[in-house]
Amino acid sequence: QDRMKALGKADAEPIRHLHVIGAGVMGGDIAAWAALRGITVTLQDLAPERIAPAIKRAAELYTKRLKLPHLVQAAMDRLIPDVAGHGVAKADIVLEAIVENAEVKRKLFAQIEPRMKEDAILASNTSSIPLQELTSVLKRPERLVGLHFFNPVAQMMLVEIVQGPQTAASVMLAGQAFAKQIDKLPLPCKSAPGFLVNRVLSPYLAEAMLMVDEGIPPETVDAAAKDFGMPMGPIELADMVGLDVGWAVGQELAKPDNPIPQKLKQLVEAKKFGKKTGEGFYKWVKGKPQKSS
Ligand code: NAI
């Protein structure tokens, strides 16, 4: 059955198999979430050693959410490490969550598109790259859609469903149906730099980092934002997102005369990317921010 046609209708087939490429902060957690919600997921990474920690995080999530051992086991069985990428040829959706670099993503798309099922959807979790920058290598650009999840995936309801100039309407509907299938809230939006959320979030994070450059401690900036009602301060959030990712997003979105946060630049150059490397603006111990570094 041709999913591209069928998905425009209410009785569209649910997604059964998701293949995720990139087992980092986002890819690993999206894979874990989809498997929790009943989908068979294959998980691939260029660096195979990234897969095991993602599976471990999934096991922790399932133990917390499902409690009963046989349900935990069933969810674990649905989440399949796939170093060789066999899942590309079988999946209903192939979603990339690799490094935030248009050239690298295009190279990956050129390799995988010929192997995908005829009616499969190609999705990108890019935070900031307009989809039109990724389509030049595709034979069927109408099947590329942005499925932009937020960090931490298990807690953030929203998924931006991003429509590039060539994305088919049926693929947009399929993206929305998929988000609902896994109990997320789809927000359809057009492909413009930063889409909707990051267009607002990125200048907010940048201003917070510029305040740190001005000598205000990260703790003070974060405490003020929390007092204002934010669930987490902007500096802690940047560390959690990953400063390398934040840097790449900033490069995409910054206007030419925007000042560059210098402390951020130093940390990225020192490969101190935040929570995932154990140090960023804060030192991180057991997944919690400690004193600022
Ligand atoms: P990450 O650095 O934690 O993970 C990226 C993974 O992709 C790494 O494990 C790396 O080995 C792998 N990889 C790199 N090139 C590859 C290739 N050619 N083939 C297969 N695997 C490859 O990055 P993170 O944070 O998970 O970001 C991934 C994507 O998700 C980026 O596009 C980013 O903009 C986006 N994103 C990130 C968010 C965040 O909060 N970190 C939020 C929403 C989207």
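## Ligand shell, sheet and domains

Among the 28 residues around the ligand, those that come nearest are Gly-22, Gly-24, Met-26, Ser-127 and Asn-151. The model described here is predicted. By class, the shell around the ligand is made up of 15 nonpolar, nine polar and four charged residues. Both domains take part in it: domain 1 (3-190) and domain 2 (199-292) each provide at least three residues of the shell.

Some elements supply at least two shell residues each, namely helix H2 (25-36), helix H5 (102-112) and strand E6 (144-149). Of the contributors to the shell, H2 gives the most, with three residues.

H2 also packs on a sheet, where it touches E1, E2, E3, strand E4 (93-96) and E6. The direction of H2 makes about 165 degrees with that of E1. The sheet itself is open and has eight strands, in the order E3-E2-E1-E4-E5-E6-E7-E8, with mixed pairing. Strand E3 (79-81) and strand E8 (185-190) are the edge strands; each has a single partner strand, so one side of each has no neighbour in the sheet. On average, and ignoring direction, neighbouring strands of the sheet are turned by 25 degrees against each other.

One pairing can be given in detail. Strand E1 (residues 17-21) and strand E2 (residues 40-44) run parallel and are joined by five bridges. In one of these pairs, Ile-21 has Gln-44 in E2 as its bridge partner.

|---|---|---|

UniProt, in an unreviewed entry, places the feature "domain: 3-hydroxyacyl-CoA dehydrogenase C-terminal" at residues 194-284. Over residues 194-284 the chain is 60% helix and 3% strand. The end C-alpha atoms of this stretch are 28 Å apart.

Terms used:
Residues numbered from 1 in each chain as written. Predicted model: local features only at pLDDT ≥ 70, side-chain atom pairs only at ≥ 80, totals over all residues. Near = placed C-beta within 6 Å. Helix = DSSP H or I, 4+ residues; strand = E, 2+ residues; numbered from the N terminus. Nonpolar A, V, L, I, M, F, W, Y, C, P; charged D, E, K, R; others polar. Domains from an automatic or database assignment. Pairing = 2+ DSSP bridges. Axes fitted to C-alpha atoms, helices over the stretch in contact; angles between N-to-C directions. Contact = placed C-beta atoms within 7 Å. UniProt positions renumbered as here; feature names shortened; annotations may be inferred.
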